[in-house]
Amino acid sequence: MNIQGFGAVRDMSISIDAPVTVLYGPNEAGKSTVLHFISAMLYGFPGKGSPAERGEPSGEGVHGGELRFLDKEGIPWVVRRCNRSREGNAASGKGERVHIHKQADNGVVIELGQQELEQYALGGVSRDMFRQLFAISLSELQEIRGLHSAEMSGYLFHAGIGGGANILEAERKLSQEMDKLYKPRGKVQQTAKLLQSIEDLRTRVADSRAYVSRYNEVVSSILEIERRLNLLEQERARTGEDLSLLRKALDIRPAWLEWQEAGVELKDLMDSSHFPPDGMPRYEKILEEERVLHAQSIRVEQAIEDAEDKLGALPVNDFLEQYGERIEELWAKRSLHEAGNRELAELTAEYKAQENRLEQLLRDIDPAWTRQELLSLPVSASDREEVRRIGAAFAGYDRRMEALFIEQRGAQRSAAAAESTLREARRQLREESERGQEAFAMIKPAAPQETAALWNQLQLEIERWRERRLSGAEPVPVSTRRPGRGRLPRMYAGLLSGMAVMTLLLAAVLLWTGAAEAAVVSGIVMLLGMGYIYWSAQRGREIQEEASEGTSMLDGQGTEHVDHLYSSLVSAPYAAATGSTIPGSRRDRNAVLTRDPLMVEARMRELRSVMEGWQAWRQRLDRLTSDCAAAEEKSALQAAELKTIHSAIEQEEKRYLELERQWESWLMSRSLPQSLSPDVMLDVFVKVEQGQELIRQQKSIGLKMDVLLREAEDYIVQCHEIIAADPEADPDGNRNPGVAELSGIHSRWKAYQEDSRQRKVLSERIQELRKEAAAMEEEREGLQQRKAALLATSRSADEETFLRMGAAAKRREELVRTIRHHEITMFSGWDETGRRRLVQLLELTDAAELEAQCVEKEEAASAAHSLRDELQERRGRLLQERESLESAGNQDYALQQLEEHRSALREIVSQYAVRSMASEFIKRTRRLYEEEKAAAGAAAGFPVLLDADRRCV
C-alpha cells in the first residue's frame, strides 16, 4: 500500500506479506483509516455522506494512493485511485481518476475496469459483502453487539447477500412497535391507557343519574340569594346618596360661611356704577407720565446750556481750513515716500550685487570673456538638445559597455560550469558503463533490445511450463513447496563448515583457559550436531531425487527449451560443456538439475534478480547518456553566447569613435575649446543664461531707480509750498522741508479736524434738544386734557371723590370674584335640586349634628356591604356546584367519549394483529431460507472468498 493522502495519513507505505497481519497503535493513529483506504482502493471512494470512509485530507494535496497485490494465480495487480475534485457525491464520480491493470503471462500490462477487478481478482465479492465479512469496523461491531446469540448466524449468513441487516432491523422495528401498542402488565402503552379511560367513563355514566334532585335545590337557592342581593343594592344606593350629601356639607361649611359674609358686605358698598372699569389704571398712568415729562424738561434745558458753553470755546483757523486737504494728502503719501526711499536703497544694493555676480560668472566661464561676448553667444533649444543627445549617447555607451562586460563575465562562468558538468557527466557515463559491463558480463546479447526480447520469451516459456506441470501431474507434496527447499544441500554444507570452525575455535579457547573437560564435552556435542545435520542433508537429497525422477518424463521437453533460452541469454560455466552426458559427470548433474522443478524455480529467481539489476543499470545508463547529451548542448550554447557578446563589444567601440568625431566637429563650429565635455557644456549654457538674465535685470532695476528719484523730488517740492504758507512757521529758520516739519503741521491739522467735528456735533445736538423741549410741552398739554375727560366720565367733582369711587369699585370686583369662586367650589357637579337640599341642610344643621349623622350613615353602609359580600360568596359556591352538577350529569358526552375510546381500542387491536402476523411470517421465512440454503451457500461462496484455504481466526 502506498497512501499518498487519505484522512490523517499522508505519504505512508505499508507492506503486508503474511497470512495474518496486525496493525496496532493508540487512538487516532490511523488503523481505521488504513482499513477504509483498502476498501476505497478496491471499490472506489464513497460519497459525501460517509466522510470517515471517504477520507478526504484536511489540507491541500493528493487524495488517494496505490494498492498492489497478487491474486490466487500469482499475477500482480496494481490499483491506483486519485480524487481530482471534492464535489462528487458518487463513489465513481467525475472527479475520480482510476487506473487498474495487471501483468499478463508474457509480461504485457493490461488495463482493466472496476467490473473486471471485482470479477477476476475479488471473486465477485461486492462492496457490502466485503464491508460486513472482511472489513469489519467499529460500526459493524456495535451492530453485532446488539444481537442475541440466536440472531448471530442469521446476520452473518444474510450479510453475504446484502439484505440480512435490513431484515433483522425490520424484525426489531416490528417488535418495538408491538411493544408500544400492547404489553402484558404494561401501563404506558396505548392499549392500557384506553382500557383505564373506558373504566373511568363507565363509572361517570353510572354516577350522573343521582345529581338531578341536588341540581334543583341549588337552582332555587341561587334565585333567592339574587332577590335579596337586588333589595340590598337598592338600600345601599339610598344610604350612599345620603352619606355623600352629609360629607359634602361637612366639607363646604367653612366656604359657605365666607360666601354668606361676602354677600352681606357687597350690599353695603358705595354706588360706583358710573365709574369706568379701567379708571384707576388710567388715572395712575396719567400721573406717572406727568412726573416723567417734568424730569425730562429739566434735563433738556441743562443739556442745551452745556452744549452752548462748549461751542463757544472752539475757535476757527483760516490756514488749516484752506490747506487741510493738501496736508492730509501729503501725509497719506508719506509712507509711500519712505517706502520709495527704502526701495531705492535696496535696488541700489541689488544692482551692485548683480554687478559682482556678473563679473564672477564671466570669470567662471573664461577670464578673457566680456559682456559683449556673453551676449553674442546664442543659447537655443536645438543646441541644448544636441548637447543632451550627445551626452546621452556617451552615457548610453558607458552603460552598455558595463552591461556587456558583466554579461561577458557571467557567460564565461556559465561556459566554465557547463564544461565542468560535461566532463563530470562523461566520467559518470564511462564509470557506469564499465561497472555494468563488469557486473553483467554473463549476459550474452550485446543489444539491449535483443536481451529484453529473450528475457520476455524465457518468462513466457517458464509460465507455460508451469501450466503444463500443474495440468498433467499430481500436486507436489507440501514439504517440497516450502520456500528455500531446493537450497537445503548448500545451506547444510555451509552450516557444517561453520560448525567445524566453531568447534575448533571453542576447543582452542577452552584449552587456553585451562578448562580441558569443558573443551572435550563441547567438542563431542558439536560433533554430534554435525552428524545430525549431515544425515538430514542426505535424507533431503534422496527425497529430492525421488521427486525429480517422478516428474522428469512429463516435463523433459519443456525444460530443454527453457535450457536453450537460458543458455542463449546467460553464459554459465556448465553451459559451455559439450559431448554426451557421462554418468556422474557435471553435465549429468546439470541435466538432472534442469529437470528438477525446484532447481528451475531457483535458477529463474536468480536470473530474475540479475535481470532486474540489468534493467535498472540500463535505465541509469540511458539517463546518464541523456544527461551527457544535455551537457554537451548546454556547453555549445554557452560558447555561442560568449562569441555573440564579443561581437557586440566590438560594435559598441566603433559607435564610440564615430560619436567622439561628431562632438569635436560641433565644438569647432562654435569656436569652443576641444577639452569641453557634453556635461560641462550644459553647465556653460546655464551660466551664459544666468549672465544674460543678470544684464536684463540690471536694465530693469535702473529704470525703476529713475522713477523713484523723480517721485521723491516731487514730494519734497509740495512739502516746501505748504511750509512756506504756514503763518506759524519761523521766517528766519531752516526752510529745508522734510517729514519732521510736515509731521508738526499734520498734528495741528488733526487736532483742528477734531475740534471741527465737535463743533458740528454740538450744533446738531443743540437743535435736537430744542425740538425735544417743544415736543414735551405739547405732550404736557395733552395729559391735562385726558385727566379732565376722565373726571367727567366718572361724574366726580374733584380728584379726591374720583379716588374714593375707584376704591369702592375695586372692592366690589374682589367680592364678586370671591362669591363666584365659593359657588364653584361648593356646588360644582351638583344639579339644582341637590344644590337646594345642600343649602337647606347647611342652614338648618350645625357642624356637630352633621358629623353625628355622617357617622350613623357610614355604620349602616358598612353593615350592608358585609351582608352583600356574604351573599355573593354563597351565590358563588352555589354557582360552582351547579356547574359541577351540569358537567357530571351530561350523560350524552360521556357516552360519546366511551364509544370513541372503544373504536380506538378496536383499531389498535387490528394494528397489533397485523404486525404480529408480519413478524411471525418474517421469522418463519428466514428460518426456512437459512435451513435450505445455508449448506449450498457455504459450499459455493466460502472457497471463492477464502481461496480454498479454510482457517479460523
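Predicted model: local features only at pLDDT ≥ 70, side-chain atom pairs only at ≥ 80, totals over all residues.
A helix axis here is a line fitted to C-alpha atoms over the stretch in contact, and the angle between two axes runs from 0 to 180 degrees between N-to-C directions. Helix α12 covers residues 334-365. Helix α21 covers residues 678-725. Their axes lie 8 Å apart, and the packing angle is about 155°. Angles over 145 degrees count as roughly antiparallel, so α12 is roughly antiparallel to α21. The crossing of these two helices is left-handed. Sorted by class, the contact of α12 with α21 has 15 nonpolar residues, 9 polar ones and 8 charged ones.

The crossing of α14 and α20 is left-handed. The contact of α14 with α20 has 27 nonpolar, 13 polar and 17 charged residues.

Next come the aromatic rings. A search of the whole structure turns up 5 aromatic pairs. One of them joins tyrosine 43 and phenylalanine 130. The ring centres are 5.5 Å apart, with 50° between the planes, and the pair is tilted. Tyrosine 43 sits in helix α1 (residues 31-43), and phenylalanine 130 sits in helix α4 (residues 127-134). The two are 87 residues apart, and the pair links distant parts of the chain. Are these two residues, tyrosine 43 and phenylalanine 130, buried or exposed? Both are buried.

Another ring pair brings the reader back to α14 and α20. Tyrosine 397 lies in helix α14 (residues 381-439), and tyrosine 656 lies in helix α20 (residues 597-669). The ring centres are 4.6 Å apart and the planes meet at 25°, so the pair is stacked. The reasoning rests on a cut-off: planes under 30 degrees apart count as stacked. The two tyrosines fall into separate burial classes. Tyrosine 397 has 14% relative accessibility, so it counts as buried. Tyrosine 656 has 28%, so it counts as partly exposed. The line for buried is drawn at under 20%. Ring pairs also bring in Phe394, which forms a cluster with Tyr397 and Tyr656.

What about the cysteines? The structure holds 0 disulfides. Cysteine 82 has a relative accessible area of 16%, so it is buried. Cysteine 628 is buried as well, at 7%.

Backbone angles come next. Most residues other than glycine have a negative phi. Which residue has a positive phi of about 65° although it is not a glycine? Glutamate 28 does. Glutamate 28 lies in the loop between β2 and α1. Its relative accessible area is 80%, so glutamate 28 is exposed. Aspartate 11 also has a positive phi, near 55°, and is a residue other than glycine. Aspartate 11 is found in strand β2 (residues 9-13). At 63% relative accessible area, aspartate 11 is exposed too. The cut-off for exposed is over 50%.

Two loop residues close the tour. Glycine 113 is found in the loop between β6 (109-112) and α3 (114-121). Its relative accessible area is 25%, so glycine 113 is partly exposed. Where does its chain meet another stretch? The C-alpha atoms of glycine 113 and isoleucine 100 are 6.2 Å apart, and the two residues are separated by 13 residues along the chain.

Serine 272 is buried, with a relative accessible area of 10%. How many residues separate serine 272 and methionine 805 in sequence? They are 533 residues apart, yet 6.0 Å apart in space, C-alpha to C-alpha.

Definitions and conventions:
Residues numbered from 1 in each chain as written. Heavy atoms only, no water. Helix = DSSP H or I, 4+ residues; strand = E, 2+ residues; numbered from the N terminus. Parallel < 35°, antiparallel > 145°, perpendicular 65-115°, else oblique. Left-handed = near helix turned anticlockwise from the far one by under 90°. Nonpolar A, V, L, I, M, F, W, Y, C, P; charged D, E, K, R; others polar. Phe/Tyr/Trp six-rings, centres within 6.5 Å; stacked < 30°, edge-to-face > 60°. Buried < 20%, exposed > 50% of the residue type's maximum accessible area, 1.4 Å probe, protein only. Disulfide = S-S within 2.5 Å.
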